[in-house]
Amino acid sequence: LAIDPVRCEVELGGRLLALTFKEYELLKLLATNKGKVFTREALLNEVWGYDYYGGDRTVDVHIRRLRSKIEDPVHTFIDTVRNIGYKFKDTATGR
């Protein structure tokens with residue numbers, strides 16, 4: 001998994017991924033803070049902004065979509081921290 005912040009592109013195994021802007025911003029935030037747990041509220045504030053009035057479940061939906069694009073049965077990058085939020089793993093591991 002390679003994130004190019006200059007071109008705002010993400011590659012997985014040399015293949016360019018088609019991410020939405022919010023998916024890209026979410027991935028970039030998590031990946032640049034490996035191991036740090038973010039609450040849904042913190043992710044909403046950082047990625048969507050303080051003036052976002054939707055529910056925090058939008059984070060879950062975006063995480064699910066992001067996982068479907070970057071993860072496979074062998075590699076996982078994002079961990080769910082039950083009842084808190086999400087974090088990016090220090091290394092990609094099997095499930």
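Start by selecting Asp60: leaving out residues up to four places away in sequence, Asp60 touches Arg40 and Tyr86, where contact means heavy atoms within 4.5 Å. Asp60 sits in helix H3; helices here are DSSP runs of H or I with at least four residues, strands are E runs of at least two, and both are numbered from the N terminus. Is Asp60 buried or exposed? Asp60 is buried, at a relative accessible area of 14%. The cut-offs are under 20% for buried, over 50% for exposed and partly exposed in between, with a 1.4 Å probe and protein chains only.

A word on what you have open: this is a predicted model, in which local features need pLDDT of at least 70 and side-chain atom pairs count only at pLDDT 80 or more, while totals for chains, interfaces and linings use all residues. Residues are numbered from 1 along each chain as its sequence is written, and side-chain values use heavy atoms, with hydrogens and water left out.

**Next, colour all of H3**

H3 has 14 residues and reaches 20 Å from its first C-alpha to its last, close to the 20 Å expected at 1.5 Å a residue. That expected span is 1.5 Å times one less than the number of residues in the helix. Which residues of H3 are buried? Pick out Thr58, Val59, Asp60, His62, Ile63, Leu66 and Ile70. While you turn the helix, keep in mind that an α-helix has 3.6 residues a turn, so residues three or four places apart point the same way.

**Now the core**

Show side chains for Leu30, Leu43 and Ile78, which have the most contacts inside the largest nonpolar core, a group of 22 residues. A nonpolar core is a set of buried Ala, Val, Leu, Ile, Met, Phe, Trp, Tyr and Cys residues joined through side-chain atoms within 4.5 Å. At least two core residues come from each of strand S2 (9-12), helix H1 (21-31), helix H2 (40-48), helix H3 (57-70), strand S5 (76-81) and strand S6 (85-93). H1 gives the largest share, 6 residues. As background, nonpolar side chains tend to be buried together in soluble globular proteins.

Zoom in on Leu43. Beyond its neighbours within four places in sequence, Leu43 is in contact with Leu26, Leu29, Leu30, Phe38, Trp48, Val59 and Tyr86.

Leu29 counts as buried because its relative accessible area is 15%. Apart from residues up to four places away, Leu29 touches Phe38, Leu43, Glu46 and Val47.

**Find the aromatic pair**

Rings of Phe, Tyr and Trp (its six-membered ring) pair if their centres lie within 6.5 Å; planes under 30 degrees apart count as stacked, over 60 as edge-to-face and the rest as tilted. How many aromatic pairs does that rule give? The count is 1. Select Phe77 and Phe88: their ring centres are 6.0 Å apart and their planes are at 25 degrees, so the pair is stacked. Phe77 belongs to strand S5 and Phe88 to strand S6, 11 residues apart. Both Phe77 and Phe88 are buried.

**Two loop stops**

Most residues other than glycine have a negative phi, and most peptide bonds are trans. Cys8, not a glycine, has a positive phi of about 55 degrees. Look for Cys8 in the loop between strand S1 (2-4) and S2; at 47% relative accessibility, Cys8 is partly exposed.

Asn83 also has a positive phi, about 65 degrees, without being a glycine. Find Asn83 in the loop between S5 and S6, exposed at 74% relative accessibility.

**Over to strand S1**

Ala2 lies in strand S1 and is partly exposed, with a relative accessible area of 42%. Skipping residues up to four places away, Ala2 touches Glu9, Val10 and Glu11.

**Finally, zoom out**

The whole protein has 3 helices and 6 strands, in the order β-β-β-α-β-α-α-β-β along the sequence. Its radius of gyration is 13 Å, close to the 12 Å from the globule rule for 95 residues, so the protein is as compact as a globular protein of that length. That radius is taken over C-alpha atoms, and the rule is 2.2 Å times the number of residues to the power 0.38. Buried residues make up 35% of the 95.
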